[in-house]
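Subject: A structure for you to look through

Hi,

Here is the structure I promised to pass on.

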Amino acid sequence: MRALVQRVTHAQVDIDGETVGSCERGYLVLLGVGADDGPEQIERLWGKIFKLRIFEDENGKTNRSLADVDGQVLIVSQFTLYANCKKGNRPSFTNAGAPDAAERLYEQFVARARQDVPHVETGRFGAMMQVSLVNDGPFTIWLDTDEL
């Protein structure tokens with residue numbers, strides 16, 4: 001699994017002009033599921049995201065976690081995180097998970113996040129979405145379960 005985690009003051013996802021998910025101070029998580037991923041990657045990835053200390057404390061140091069700031073989360077499926085651009089100019093997505101399996105793991109990841117965070121919203125798996133955000137910092141972290 002791969003996640004692009006952005007610390008935000010606001011993020012939202014719209015489909016056909018309708019806002020389907022949003023969050024305030026917290027994280028926008030763009031989540032990609034790989035072809036070889038299974039449930040074991042969910043705990044590893046979510047555990048790292050939830051415990052990241054990337055919010056400022058009273059001394060201006062990035063020392064506070066999502067729980068410490070009562071942060072919110074918006075999770076958006078993003079199979080393009082598995083784009084392979086080694087050959088040619090058209091990305092290959094053969095390393096991305098098959099849609100049915102990827103959707104199942106995406107939903108399990110969202111359910112796991114909801115165990116720890118009271119406010120978790122999502123986009124819609126497989127839909128054409130418009131994502132907007134105010135990146136706070138900016139602060140963006142790339143996580144891959146193969147490297148955790």
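First, some ground rules. This is a predicted model, so local features need pLDDT of at least 70 and side-chain atom pairs count only at pLDDT 80 or more, while totals for chains, interfaces and linings use all residues. Residues are numbered from 1 along each chain as its sequence is written, and side-chain values use heavy atoms, with hydrogens and water left out.

**The strand β6**

Let's start with β6, which covers residues 72-77. (Strands are DSSP runs of E with at least two residues, helices are runs of H or I with at least four, and both are numbered from the N terminus.) Is β6 enclosed or open? It is largely enclosed by the rest of the structure, because 6 of its 6 residues are buried. Buried here means under 20% relative accessible area, exposed means over 50%, and partly exposed is in between, using a 1.4 Å probe and protein chains only. Both faces of β6 are covered: one side has Q72, L74 and V76, and the other has V73, I75 and S77.

Which strands does β6 pair with? With β3 (26-32), β6 pairs in the parallel sense over 6 bridges; two strands pair if DSSP finds at least two bridges between them. One of these bridges links L30 to V76. β6 also runs parallel to β7, joined by 3 bridges, and there the partner of L74 is E121.

S77 is worth a click. Its relative accessibility is 12%, so it counts as buried. Beyond its neighbours within four places in sequence, S77 is in contact (heavy atoms within 4.5 Å) with L31, Y106, R124, F125, G126 and M129.

**Two cores**

Next, the nonpolar cores. A nonpolar core is a set of buried Ala, Val, Leu, Ile, Met, Phe, Trp, Tyr and Cys residues joined through side-chain atoms within 4.5 Å. The largest one has 28 residues, and those touching the most other members are Y27, V29, L31, W46, I49, I75 and F109. At least two residues of this core come from each of β1, β3, α1 (39-51), β6 and α2 (99-116). α2 gives the most to this core, with 6 residues. There is also a second, separate core of 11 residues, with V8, A11, C23 and V76 among them.

Not counting residues up to four places away in sequence, W46 touches L66, V73, F109, R112, A113, D116 and V117.

V8 is buried, with a relative accessible area of 0%. Among its contacts outside the four places on either side are C23, Y27, L28, L133 and V134. The C-alpha atoms of V8 and S132 are separated by 10 Å, although these residues are 124 apart along the chain.

**The helix α2**

α2 has 18 residues and reaches 26 Å from its first C-alpha to its last, close to the 26 Å expected at 1.5 Å a residue. (The expected span is 1.5 Å times one less than the number of residues.) Its buried residues are A102, L105, Y106, F109, V110, R112 and A113. They lie on the same side of α2, because they cover an arc of only 160 degrees around the axis; the arc is taken from the directions from the helix axis to the C-beta atoms. The face turned away from that side carries the exposed residues D100 and Q115. β3, α1, β6 and β7 (120-122) are included in what covers the buried residues.

**Some local details**

β1 and β2 pair in the antiparallel sense over 5 bridges, one of them between Q12 and S22. They form a hairpin with 2 residues between them, and D16 in the turn has a positive phi of about 50 degrees. D16 is exposed, with a relative accessible area of 76%.

D70, in the loop between β5 (62-64) and β6, also has phi near 50 degrees, a positive value in a residue other than glycine. D70 is exposed at 67% relative accessible area.

Finally, the peptide bond from G137 to P138 is cis, with omega near -5 degrees. P138 belongs to strand β8 (residues 130-144).
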